[in-house]
Amino acid sequence: MHRRTLLSLGGAAGAALVIPAAETITPAAAAPGGAPAHHHRPPHPVRSAATGEPFTRPLVVPPVLRPVAVTADTDHYRLDVTTADIEIIPGLTSRMLSYGGYPVNPTIRARQGRRVRVTYRNRLDQPVNVHLHGGHVAAQHDGHPMDLIQPGEERVYEYPNQQAGASLWYHDHSHHTESEHVYRGLYGFYLIEGSDEAALRLPSGPYDIPIALRDSLFAEDGSLVWNQADPFSRNTLLANNRHQPYFPVAARRYRLRLLNASTHRTFEVNAGGATLTQVGSDGGLLPAPVPRTSILLGPAERAEVVIDFSGYAVGDHVVLADATGGPLVRFDVVRRATDPSCVPPQLRPLPTLPPATAERLFVMRVDPVTFASLINDKAFDPDRVDTTITQGSTEIWKIVNGDAGLNLEHTFHMHLAQFRVLDRDGAPPAPGESGWKDTIYVRPGESVRVQATFDGFLGRYLYHCHMLDHSAFGMMGQMEIVPRTS
Ligand SMILES: [Cu+2]
């Protein structure tokens, strides 16, 4: 069944495929009711590309985007939303969707307290938009799924950056096509440097490396296969658009900003026993570093870690790997170095949370009969406000994964606000989850309570599962922040 049919069965407007690639979804892969049948795991007809020997090509560090203009308080950027033919699998060319046509999408580096304006021109043949994930931004700049940039048009998004330094990312959020667009490549890093960071002397500059991890499926000819009904077929893991690259490092500390940019896959990252010193989560630096041996990252979650290579000899290797998927990046120690950086014992204090004035319940669930993707038994309706919140108020949200029966994972993302995790099934959050977050992984049957303050802006924002096929098929709700006086 063609995706267009699949989508229309799901109640969506059929969208033209961006790329006339030789990919189809087999009838067996489509679920009754039109939702993606993730748990059916049908065989797929694609002969996937041979990925060759690991560690034969270097990691690509995303280029830092240069502003087209710099004014007193604002950095101005331009990016085309376009396509790029890039070599992801050695010897093959893959057409990806791209911001700017680079081999890997550029990083926007913002500074706390300095505004950024990005003008995106849509050079594709279908609508797109851009969401700054984790950003505290006005509703009209949030990339609401119904607020689109039509083909040939351009749009300015404004980001005030009046929030703590954090590893955010920008990605497509167009209604029903967000999952395909992100899968095909529409995501990049947006890093806010906090005004408190330079004094901490964490590794910086060429020793501060963003790495976007994801899964993918490539056909024998190198084309990227979009197979929404069978995300488990995505057998090729990528780090910054390369499969199993190597990265030459000096024998010193590096700060790695890890993002799970997959639309469905969860990563459990380790460094083969080497310590990953976690210094940050979605919303920025933790109160204190946390030594980890492995870090779970659901789709859209980030972790900032420091790896210290100073104890290794030149010629040694450290492999960053996923628990089930194998190697992601090999770090090759190639030279000695002096290291002026450090990991201070205290990073960024967490403020005391204001008292909550409301508690709400959000149950994420896939209907086992219709396969509709639901929050509190409702599929997303852009014309419906599900949750009305008074500006400035603090709330506790209990987020429940109601899919113990189907054994489905979910990952809950709240726009506008960074939240704090209060507990998981009543137990205190793990140390790596004690800081600010905007996305939370929720196991089948689990419940997580988070607390957020909704201040700064009015209007309509989203919350949704960040397994983007779930949100594309309805696991998304709308909140409206209203003035205190109303
Ligand atoms: Cu989900």
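Trainee: How many residues of domain 1 are in contact with domain 2?

Mentor: In this predicted model, 21 residues of domain 1 are in contact with 21 residues of domain 2. Contact here means heavy atoms within 4.5 Å. Domain 1 covers 205-335 and domain 2 covers 358-482. Their centres, over C-alpha atoms, are 26 Å apart.

Trainee: What area do domain 1 and domain 2 bury between them?

Mentor: About 1600 Å², with 51% of it on carbon and sulfur atoms. That area is summed over both parts.

Trainee: What makes Lys 437 and Asp 282 a salt bridge?

Mentor: Their closest N and O atoms are 2.9 Å apart. The cut-off is 4 Å, from a side-chain nitrogen of Lys or Arg to a carboxyl oxygen of Asp or Glu. The pair of Lys 437 and Asp 282 therefore qualifies. Across the interface of domain 1 and domain 2, the rule finds three salt bridges. Residue pairs in polar contact between the two domains number 11.

Trainee: Which elements give two or more residues to the side of domain 1 that touches domain 2?

Mentor: Strand E15 (276-281) and strand E16 (284-292). E16 provides the largest share, five residues. By type, that side of domain 1 has seven nonpolar, nine polar and five charged residues.

Trainee: Why is the pair of Asp 282 and Arg 302 called a salt bridge?

Mentor: Its N to O distance is 3.7 Å. The limit is 4 Å, so the pair passes. Asp 282 sits in the loop between E15 and E16, and Arg 302 in strand E18 (residues 302-308), so the bridge ties together parts 20 residues apart in sequence.

Trainee: How do you know whether Asp 282 is buried or exposed?

Mentor: Its relative accessible area is 0%. Buried means under 20%, so Asp 282 is buried. Arg 302, at 2%, is buried as well.

Trainee: What is the N to O distance between Asp 332 and Arg 330?

Mentor: It is 2.7 Å, and their side chains meet in a salt bridge. Both Asp 332 and Arg 330 are buried.

Trainee: Why do Arg 460 and Glu 480 count as a salt bridge?

Mentor: They are 3.4 Å apart, N to O, and the rule asks for within 4 Å. Arg 460 lies in strand E30 (residues 459-465) and Glu 480 in strand E31 (residues 476-482), so parts 20 residues apart in sequence are tied together.

Trainee: What makes Arg 460 partly exposed?

Mentor: Its relative accessible area is 35%. Partly exposed lies between buried, under 20%, and exposed, over 50%. So Arg 460 is partly exposed. Glu 480, at 24%, also counts as partly exposed.

Note on methods
Residues numbered from 1 in each chain as written. Predicted model: local features only at pLDDT ≥ 70, side-chain atom pairs only at ≥ 80, totals over all residues. Heavy atoms only, no water. Domains from an automatic or database assignment. Buried area = accessible area lost by both parts, 1.4 Å probe. Polar contact = N/O pair within 3.5 Å; in protein donor to acceptor, adjacent residues only side chain to side chain. Helix = DSSP H or I, 4+ residues; strand = E, 2+ residues; numbered from the N terminus. Nonpolar A, V, L, I, M, F, W, Y, C, P; charged D, E, K, R; others polar. Buried < 20%, exposed > 50% of the residue type's maximum accessible area, 1.4 Å probe, protein only.
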